[in-house]
Amino acid sequence: MEATTVKTHATFSGGVHPAGNKELTAHKPTVAAAVPKRVVIPLSQHIGAPSKPLVVIGQEIKKGERIGESGGFVSAPVHASVSGKVAAIGNFPHVLGMDVTSIVIESDGMDEWVSGLRETPDYGVLSPDELKKMVQEAGIVGMGGATFPTHVKLSPPKEKPVDVVILNGAECEPYLTSDHRLMLEKPKEIIEGLKILMKILNVKKGYVGIEANKPDAVESMKKAVAGSPEIQVWPVMVKYPQGAEKMLIKAIAGRTVPAGGLPMDIGVVVQNVGTAAAIYDAVRYGRPLIERYVTVTGRGVKDPKNFLARIGTPFSQLIEEAGGLTESAAKVISGGPMMGISQYTLDVPVIKGTSGILVLPESEVSTRPYGPCIRCARCIDACPMKLQPSLLGIFIEKGHYEDAREYNLMDCFECGSCTFVCPANRPMVQWVKKAKKELAKKKN
Amino acid sequence: MEASAKEQPKARPQLIVSVGPHMRSEESTAKIMWTVSGALLPATLMSVYYFGLRAVWVIAVSIIAAVLSEAAGQKMLKKPVTTITDGSAFLTGLLIALNVPSSVPLYIPAVGSFVAIVITKQLFGGLGFNIFNPALIGRAFILISFPKLMTTYYEPVANVLGMDAKTTATPLGILKEEGMARLLEVFHTHGELYQSLLMGNRAGSLGETATIALLLGAAFLLLKRYITWHIPLSFIATTALLTWIFGGKEGLMTGDPVFHMISGGLILGAFFMATDYVTGPSVRSAQVIFGIACGALTALIRLKGGYPEGVMFAILLMNCFAPLLDRRMRSRVFGKAEAKGVKK
């Protein structure tokens, strides 16, 4: 039975096979990054309303203290990741490419926790609502990169009963190994987090989906679920974007999220493995989300590593701790090479959704100009959403945004598979982002 | 130690910023064009083997004319001359050469290449924007303009220096004019007929005769996934089926599908011309319909039309419908069907 489950490489149709490049860091145990002298904590590290500052310049604060409160239901509080003094509140560069209101804290070097963190060794007795409250208070958001506030996902409306929770350990982005290391180093915490999620949602069936290129992680997680028959570890095929929510659900639960819909429409909630571990920390130890696993990798840094880094740590510091940039470093990406965002400055901080910092050398950065579409259909075969990226590209290139919408532009989640395979090097993702913005402008 | 990048005395790195994905596959338009040209190498070599130096001249003139037309066309249209090295003009030239008889005067393939590149491709917007397969329009143009010269076929001699070749009709021509009985007189038995058709020891256009060599190249393209089975299989199967049903003199189901599959330009057309990315549909189900329609038109022209061979006109006619087929048969978006049942 063991063997058959490992061989079950469930998947979706479409997708691409970029080189994994995970060997740079996969075998390296996570090390704690130095406590930064100065952290920049954006008030917007999640999808939804930015949080509102609760502190003033000059105020002394402790690690874990709440410094920003939720700006609404779809929002999340933020917490200090070091102890020290508030040095500035203002606009600072953010990984999304714009400046965002952030709180800057100068560390006092003491790294003291705020008092009154509530430890709950017997958290099993808590009610679902109490648990959900703790998740919300801890400022937990989707740590796979989408940063959707977790408590919102845990509050499905009554008419949409959820019966499956899937933990996402696919980590299909090349280079990244932070989830991989987490599954090796904190499997128990992840599974406890999953059990808490299942209790909150009153769900009896849990899965952990892991791409089959991480057999050690599959083993580690299997060990951790021993004695919990309600949870199954499920290896999935190594294919990008296997870790996209809709594709993972298709592979594991065999259900199709309706176009324009959410997983909860078909009774599924997906959470990243890192999110599950953070939930455990929040419930068991009362600790808010102030640090996370970050892979610093690529052939543009001298000594790629996995770090446990504080939220707000500047990229420059982590890159220095990974040996610094090489001579040929040319591109710094927040996240993976497929959906990550390239940065113009190393001042940007690690946020709750930063799974990795990838530095590519010049030789791996394509600056080839794009040519005309030759309709080879590679993008059509690659698209996991079954769109026609070639046509979308042609429409958008000529400014026909409405036509692009006709051809299901809004169903594109910008995974980049089409652009990856395009022999003419056409920037489909860039165009899709542009068209969505233009259409939104028209609406307003 | 590190504090922030602002306080570091080091020069700030110059970073490249762009929208993802930041990784690209190794594929490029040029690589595709050169690979397809490479897949035609066995058939090209066989044409030289059978038709001698004459074939070399036709091929050289055709390719040079195509590449020069590409450069001249782009200059004329005041566009940067960028695509002469991407292999697309080379491929068009090669295909035209492989589609003419070895007997033609050398200006004929040159005219074909010019029409293909300048009129069919450049004037429609260049690579990626042409409606019709350039090589086939080029060939149709010279076939209609020089009908006599374009249908004078030399017998293959398997002698590189063979100069004083005899002219003869193609097997399809014989079938059309004189029937299967006459074909068997020439080739003795069905077995020998099929063997000649497979090995290329028969009259025909330069590159279409050696079926084996073409299949070798096609298999390579299929394995490398440069083409898929959808168009060639549906095309060839439909032609075979219809010629079997309607192709015989003694009533239904007495035709010779094997003969029809491996004679004329069907193999060359189905694997190397109907599969042209630009002028065929790109949705897979639309490709199957496209292939079936090409096959039906080919059979119709071969059995009932004025020309012995119909592959070229079949593909050109279907080229018109490719965009419509794509539009009609759009792939079903992931979750679209499910979206109807969900209440918002």
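These legends walk through several close-up views of a predicted model.

**View 1. Chain A comes in two domains.** Domain 1 of chain A covers 1-32 + 114-365, and domain 2 covers 378-443. Take the centres of these two domains over their C-alpha atoms and you get a separation of 27 Å. Where they meet, domain 1 of chain A puts in 13 residues and domain 2 of chain A puts in 14 residues. What classes of residue does domain 1 of chain A bring to the side that touches domain 2 of chain A? That side has ten nonpolar residues, three polar ones and no charged ones.

**View 2. The largest nonpolar core.** The largest nonpolar core has 233 residues. Those with the most contacts inside this core are A:Ile166, A:Leu248, A:Ile279, A:Leu318, A:Ile319 and B:Ile315. Within chain A, the core draws at least three residues from each of domain 1 (1-32 + 114-365) and domain 2 (378-443). As background, nonpolar side chains tend to be buried together in soluble globular proteins.

**View 3. Who touches A:Leu318?** Zoom in on A:Leu318, listed among the core residues with the most contacts. Setting aside residues up to four places away in sequence, A:Leu318 touches A:Ala33, A:Val294, A:Val296 and A:Phe307, and also A:Ala309, A:Thr313 and A:Ile357.

**View 4. Strand β9 of chain A, covered on both faces.** How many of the six residues in β9 (residues 164-169) of chain A are buried? The count is six of six, so this strand is mostly covered. On one side sit A:Val164, A:Ile166 and A:Asn168, and on the other A:Val165, A:Leu167 and A:Gly169, all of them buried. β9(A) pairs with strand β10 (residues 205-211) of chain A in the parallel sense, over six bridges. Look for A:Gly169 here: its bridge partner in β10(A) is A:Ile210. β9(A) also runs parallel to strand β12 (residues 268-272) of chain A, and five bridges join the two. In that pairing, A:Ile166 stands opposite A:Val270 of β12(A).

View 5. A:Ile191 is part of helix α5 (residues 187-201) of chain A. Is A:Ile191 buried or exposed? A:Ile191 is buried, because 25 other C-beta atoms lie within 10 Å, and the cut-off for being buried is 20 or more. Leave aside its neighbours within four places in sequence, and A:Ile191 is in contact with A:Ala224, A:Val225, A:Ser228 and A:Ile231. If you look for A:Gly20 as well, its C-alpha atom and that of A:Ile191 are separated by 26 Å, with the two residues 171 apart along the chain.

**View 6. A three-strand open sheet in chain A.** Here three strands of chain A form an open sheet in the order β3-β5-β6, with antiparallel pairing. β3 (52-53) and β6 (78-79) stand at the edges, and each has a single partner strand, so one side of each is left without a neighbour in the sheet. Two bridges pair β3(A) with strand β5 (residues 66-69) of chain A, in the antiparallel sense. Along this pairing, A:Lys52 stands opposite A:Glu69 in β5(A).

**View 7. Chain B as a whole.** Chain B has 17 helices and two strands. Its C-alpha atoms fill a box of roughly 95 × 60 × 35 Å along the principal axes. Of the 344 residues in chain B, 52% are buried. Among contacts in chain B between residues at least 6 apart in sequence, 71% join residues at least 24 apart.

**View 8. One buried face on helix α10 of chain B.** Which residues of helix α10 (residues 190-199) of chain B are buried? They are B:Leu193, B:Ser196 and B:Leu197. Seen down the axis of α10(B), these buried residues fall within an arc of 100 degrees, so they line one face of the helix. They pack against α8 (171-178), α9 (180-187), α11 (211-223) and α13 (257-262) of chain B.

**View 9. Where chain B meets chain A.** The contact takes 40 residues from chain B and 62 residues from chain A. On the side of chain B that touches chain A, the elements giving two or more residues are α1 (29-39) and α17 (336-339) of chain B. By class, that side of chain B has 19 nonpolar, twelve polar and nine charged residues.

Notes: Residues are numbered from 1 along each chain as its sequence is written. Chains are lettered from A and ligands numbered from 1 in the order in which they are written. This is a predicted model: local features need pLDDT of at least 70, side-chain atom pairs count only at pLDDT 80 or more; totals for chains, interfaces and linings use all residues. A nonpolar core is a set of buried Ala, Val, Leu, Ile, Met, Phe, Trp, Tyr and Cys residues joined through C-beta atoms within 7 Å. A residue is buried if 20 or more other C-beta atoms lie within 10 Å of its own, exposed if 12 or fewer, and partly exposed in between; C-beta atoms are placed from the backbone. Domain bounds come from an automatic or database domain assignment. Two residues are in contact if their C-beta atoms, placed from the backbone, lie within 7 Å. Two strands pair if DSSP finds at least two bridges between them. Helices (H or I, at least four residues) and strands (E, at least two) are DSSP runs, numbered from the N terminus. Ala, Val, Leu, Ile, Met, Phe, Trp, Tyr, Cys and Pro count as nonpolar, Asp, Glu, Lys and Arg as charged, and the others, Gly among them, as polar. The arc is that of the directions from the helix axis to the C-beta atoms.
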